[in-house]
Amino acid sequence: MRRRVRLTVNGAAHDREVEPRLTLADFLRHELGLTGTHLGCEHGVCGACTVLVDGHTARGCLMLAVQADGTEIRTVEGLAARDGTLHVLQQSFHEHHGLQCGFCTPGMLMTLVEFLTETPDPSEVELREALSGNLCRCTGYHGIVKAALDAAAKLRKMGARP
Amino acid sequence: MSAVIGQPVLRIEDRALLTGKGRYIDDIPLDGALHAAFVRSAHPHALIKRLDAGAARSVAGVHAVLTLDDIAPVMARRRMTRVARTGKPKDSMWPFALSDGEVAFVGEPVAIVLADSRYIAEDAAALVAVDYEPLPSIADLRKCLEPDAPKVRRELASNVIATYKVEYGDVEAAFRAAAHVFREAIPQHRGGAHPIEGRGILVENRRSDGRFNIWMSTQKVHDTHQLFCELLDLDENDVRVVAADVGGGFGPKLLVYPEDIAVLAAAKLTGRSVKWIEDRREHFLGAVQERDQIWDMEIAVDKEGRIQALRGKLLHDQGAYALQDINLPYNSATSVAGPYIVPALFMEVVIAQTNKGPVSSVRGAGYPQAAFAMERLMDLVATKLGLDRAELRRRNLIPPEKMPYEKPLKARSGEPILYDSGDYPACQAQVLAAAGWEDFPARQQAALQDGRYIGIGLANAVKGTGRGPFESGLVRVAASGRVSVFTGAAAMGQGLATALAQITADQLGVKPEDVTVVAGDTATVPLGLGGFASRQLITAGSSVLLAGQAVAAKARKLASAMLEAAEADLEFVGGAVRVVGTDRTVGLGDLARALRGAPGYAFPEGIEPGLEASAAFRTDPLAYSNTSHVAEVEVDILTGQVRVVRYLAIQDVGRRVNPLIVDGQVQGGIVHGISNALFERMGYDEAGQPTTTTFADYLLPSAAEVPMLETLYRESPSPLNPLGAKGVGEVGTIPAAPAVISAVEDALKPFGVRISETPILPERLFALIQQGRRAGRG
Amino acid sequence: MKPPPFDYHRPESVTAAIALLGRLENAKLLAGGQSLMPMLNLRYLYPDHVVDLNRIPDLAGFSFAGERLRIGAMTRQRAIEVSPEVARVAPIFPEALKLVGHRQTRNRGTIGGSLCHLDPAAELPTLALLYDAEIKIAGPAGLRSVSMRDFMAGYMTPALKAGELVIAVSLPFWPAGHGWGFVEFARRHGDFAIASAGVLLEKGGDGRIKRAAVAVGGVEPVPVRLTAAETMLVGEPPGEGLFARVAACCANLDALEDVHGGADYRRSVAGAMVMRALAAADARIKAPEAVR
């Protein structure tokens with residue numbers, strides 16, 4: 001029996017009917033065509049499916065789409081500005097080689113949006129712990145940590161939130 | 001050379017990936033495509049007595065449930081055999097697209113379900129009732145050699161597929177005369193590749209013209225295309241294979257699997273488009289893994305610790321099937337000497353099958369095991385002779401005055417193996433200095449007073465890179481002025497497009513971000529080999545360089561005529577050709593337009609049509625990268641937990657086209673190697689049941705488990721290619737495990753712990769420490 | 001790895017939830033989903049019905065009643081981690097919660113869900129046992145309360161009757177200035193503990209231990225209180241020698257085995273964790289006079 005889901009994704013409102021078992025990640029990817037959120041394990045470990053639900057990170061593979069009824073979701077597609085200007089985090093990732101194949105990247109970015117909002121001046125240890133829920137096989141995390149620290153510094157300088 | 005080559009140019013791939021606009025295999029929309037799921041064997045070895053798909057077929061949204069009998073009529077042959085170039089694997093090595101009635105590993109595909117969604121396909125797959133008759137199975141690599149061991153498949157007379165020797169020099173004499181001989185058994189355990197994106201294939205069965213467009217998360221499109229056409233009896237002109245954006249390769253995506261053939265056959269049979277996206281459990285069960293080898297080794301040294309000879313037996317676990325020519329143990333046996341002078345070598349290689357998942361290349365492809373064996377032996381010799389581990393290695397490293405160094409070993413082709421360039425002792429010295437190797441013993445003592453156990457380790461390796469015979473490269477300028485590069489090389493996150501764009505930009509005076517690179521599409525170039533063995537910068541890069549040079553030469557010739565200036569007075573700037581010192585230019589686009597021809601109008605004299613050129617740089621000898629790693633660890637002796645506290649690596653990968661990209665490759669490789677030492681262990685029980693099939697049981701390190709990685713470089717340009725480059729993709733992985741293990745052993749010196757296995761997990765390490773304590777040490 | 005099909009229900013009150021559980025067969029409750037969803041995705045479970053508790057108001061939050069802290073079952077782990085109230089009266093909770101999974105899982109995961117899932121390696125059940133928490137349960141027969149000890153009927157099996165659900169956890173305060181320590185050994189940051197130890201200590205004016213609670217998780221099929229250890233501690237002055245003797249109690253644990261460790265290893269590690277947790281707790285005790 002299909003259920004209604006009304007939610008906002010990256011500021012745009014959607015109203016759909018879905019099977020209850022459809023995961024939030026699959027809903028975003030295939031119902032809405034927002035394929036930036038990726039599936040790496042579907043059992044809640046790799047973090048590639050991380051999105052923001054009402055401002056807080058959630059693993060998209062561990063939520064049902066129907067649970068997102070009434071929520072505001074933010075995905076990687078909502079990070080850059082409308083005119084295409086990259087978000088500070090995206091720009092830092094670009095400048096510090098924080099991505100290679102790019103598959104884990106959206107999850108990394110969304111995790112960092114939440115983390116840097118709350119911890120604008122993290123130590124390297126705090127940052128690595130905050131990223132421990134997002135696996136990467138390409139970078140060895142070096143470029144990611146450098147990029148995140150750089151973004152944090154830039155945001156502090158701008159007095160801005162991610 | 002230039003303003004672009006050698007610069008840390010930011011990647012042209014990034015924007016799409018950063019904004020969620022990548023097109024990985026599961027992102028590609030195709031209306032009407034059916035989704036596939038597989039019924040897979042639950043047994044390591046069994047006969048299929050009966051398969052009942054009735055209940056499965058009646059699930060709403062299910063279109064078909066197919067077995068081998070159903071798809072065989074559209075295939076050229078029933079079994080996925082191919083001509084083996086080495087001649088070694090027999091027909092009985094190869095798998096079937098779907099089981100032919102006997103299954104030989106847990107996860108072997110038995111049937112394919114096609115449905116409207118993956119959700120429904122899985123519902124149906126769960127309802128397919130398979131009646132198995134379990135057969136005796138064998139998972140242990142040593143036990144599978146015993147004469148009464150169960151055979152992995154009934155057709156096999158023996159679990160041994162092949163044996164051969166790799167040898168040179170008079171090993172017997174060397175051992176007889178040696179001052180010291182040391183022995184060690186070095187077991188190494190398998191792990192998987194686990195790119196964060198799994199495998200996937202999308203077969204578009206085109207209603208418009210009956211052709212097949214096939215997208216794949218793959219590391220090679222041309223050979224895949226060839227195999228698809230051969231096995232499915234398809235006309236090569238009717239099939240196109242295109243690599244999607246690939247979310248990491250690392251080896252498993254280099255192959256054509258049963259699932260791929262089953263999907264293609266299903267598409268051909270049903271007339272529908274079919275899509276299969278591997279999930280993580282399937283990757284654990286069916287994607288290739290490797291590192292399972294047991295090395296029984298002996299090393300003979302003189303009084304000063306100089307190696308006189310090396311001999312031993314390498315027992316290699318191939319798993320239940322081979323999906324390509326078996327290259328890994330050959331890589332291992334021939335690379336074991338690494339950067340050291342080994343005057344005599346005898347390796348007996350035995351390749352055996354077990355009822356476990358099939359084995360093939362994972363980043364390093366047999367080289368890590370060889371480096372691990374050699375480096376553990378070096379530490380053993382150092383310990384026994386009371387020598388500093390770095391000093392012992394110094395005495396054995398091939399010195400720079402011996403370069404190029406012809407190894408006494410010949411390649412399979414009969415060609416000599418030549419280390420082309422590199423200063424191994426200087427590399428080791430440089431990384432040791434950066435690591436503070438000399439000061440470490442004092443720090444170690446101080447830590448010990450505090451009840452802390454810290455250790456430092458060292459390991460060296462070389463890697464033959466740039467495997468030929470060639471890679472394709474085509475550079476084309478369009479009438480619009482757009483510069484495009486086409487290649488059979490494969491992008492999988494390593495920044496291939498950026499590197500090729502830099503090389504092209506350098507030739508034609510455009511910006512790298514204005515170059516379009518298309519990698520891995522059989523419709524754009526007719527030949528190609530793909531991404532493996534750290535080859536693509538050398539091969540594709542050189543081809544693209546030569547093609548770019550040819551295009552520049554053409555452009556220069558035509559521009560010379562059009563601008564009425566000598567070719568020597570022309571330069572490439574801002575997408576145009578300009579007379580030096582003037583503002584007289586002609587755009588690349590205009591030159592391209594002129595070479596497209598206008599019917600009825602004059603065509604430039606003495607120049608072939610088309611502002612494009614294609615090249616396939618031919619190369620056979622390998623360009624040898626070398627590397628030295630130093631790891632610092634701390635061990636918690638009450639839990640056996642190891643923390644890598646500091647990690648340094650120096651590599652010589654020849655001229656670096658893009659130092660940023662090289663760094664990324666090295667860093668990622670290092671963490672994979674650290675993980676092979678401390679975290680990753682693909683577990684199977686005695687029968688062959690996998691015991692680690694999720695990321696909760698099989699551990700990949702997160703950012704919290706590894707430190708910043710300090711990378712250093714020397715550049716010995718390779719004389720073997722016009723770029724002077726050497727490959728880098730695997731060089732970070734190869735010595736990482738032994739560097740870490742060496743450090744762990746160093747930390748636990750007070751307990752007399754000796755580690756000659758990888759991975760070493762906390763429980764095992766704890767047990768070794770306890771053993772040491774019981775023996776009265778520590 | 002997609003979940004099997006099920007009917008979905010979203011009750012808006014506890015009463016409605018209980019009524020649903022009463023009439024539905026083969027139903028699972030969905031709280032944070034961080035344990036249930038992986039099992040559904042892996043198809044380890046085939047429920048016919050999923051009852052989503054996330055929209056029931058008043059099941060989340062903190063309240064005080066006398067010397068007890070009450071935490072609603074649907075309170076997110078992250079909320080407990082950052083709650084100033086909890087930090088004030090039960091500081092071991094925020095400390096241990098930093099080790100629970102990852103931020104993404106703590107944002108959704110709930111204390112009720114963790115207690116009902118009852119994974120022996122999970123931190124929250126171990127802490128609830130450490131505190132002798134009272135589990136508040138609502139069911140067709142009304143409300144009842146059960147001690148954490150009695151709530152743990154067996155390996156991953158809470159003592160819940162048909163149609164019941166946990167609605168809150170109630171913890172008694174330990175006095176201000178009490179010592180506390182939570183130490184675990186996990187393979188990676190955020191992983192389940194191979195062995196964990198939680199310790200609460202109270203010292204008397206004479207400098208000797210007046211009261212002690214020691215709980216070990218990850219080792220036996222359910223978290224366990226080391227009552228023999230607690231007895232050994234009371235009346236003694238804290239110190240390394242005592243802690244080592246106490247930690248030796250772990251040799252009697254009936255330890256689990258899995259891919260991450262065998263029984264002997266787990267027992268050894270548990271001993272190390274107990275020692276470290278005791279040391280941490282001792283270091284944190286503030287003398288009664290110092291607490292004003």
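## Exercises on a predicted model

In this predicted model, 23 residues of chain A are in contact with 23 residues of chain C.

**Exercise 1.** Describe the side of chain A that touches chain C: which elements supply at least two residues each, and how do its residues divide by class?

*Solution.* 
1. Apply the contact cut-off: C-beta atoms, placed from the backbone, within 7 Å.
2. Find the elements. β4 (56-59) and α4 (124-130) of chain A each supply at least two residues of this side.
3. Find the largest share. β4(A) gives it, with 4 residues.
4. Sort by class. This side of chain A holds 8 nonpolar, 10 polar and 5 charged residues.

**Exercise 2.** Locate the two domains of chain B and describe how they touch.

*Solution.* 
1. Read the assignment. Domain 1 of chain B is 397-465 + 623-778, and domain 2 is 468-616.
2. Over C-alpha atoms, the centres of the two domains of chain B are 40 Å apart.
3. Count the contact. Domain 1 of chain B gives 17 residues, and domain 2 of chain B gives 15 residues.
4. Name the elements. On the domain 1 side, β20 (453-465) and α17 (659-678) of chain B each supply at least two residues.
5. Sort that side by class. The domain 1 side in chain B has 8 nonpolar, 6 polar and 3 charged residues.

Methods. Residues are numbered from 1 along each chain as its sequence is written. Chains are lettered from A and ligands numbered from 1 in the order in which they are written. This is a predicted model: local features need pLDDT of at least 70, side-chain atom pairs count only at pLDDT 80 or more; totals for chains, interfaces and linings use all residues. Two residues are in contact if their C-beta atoms, placed from the backbone, lie within 7 Å. Ala, Val, Leu, Ile, Met, Phe, Trp, Tyr, Cys and Pro count as nonpolar, Asp, Glu, Lys and Arg as charged, and the others, Gly among them, as polar. Domain bounds come from an automatic or database domain assignment.
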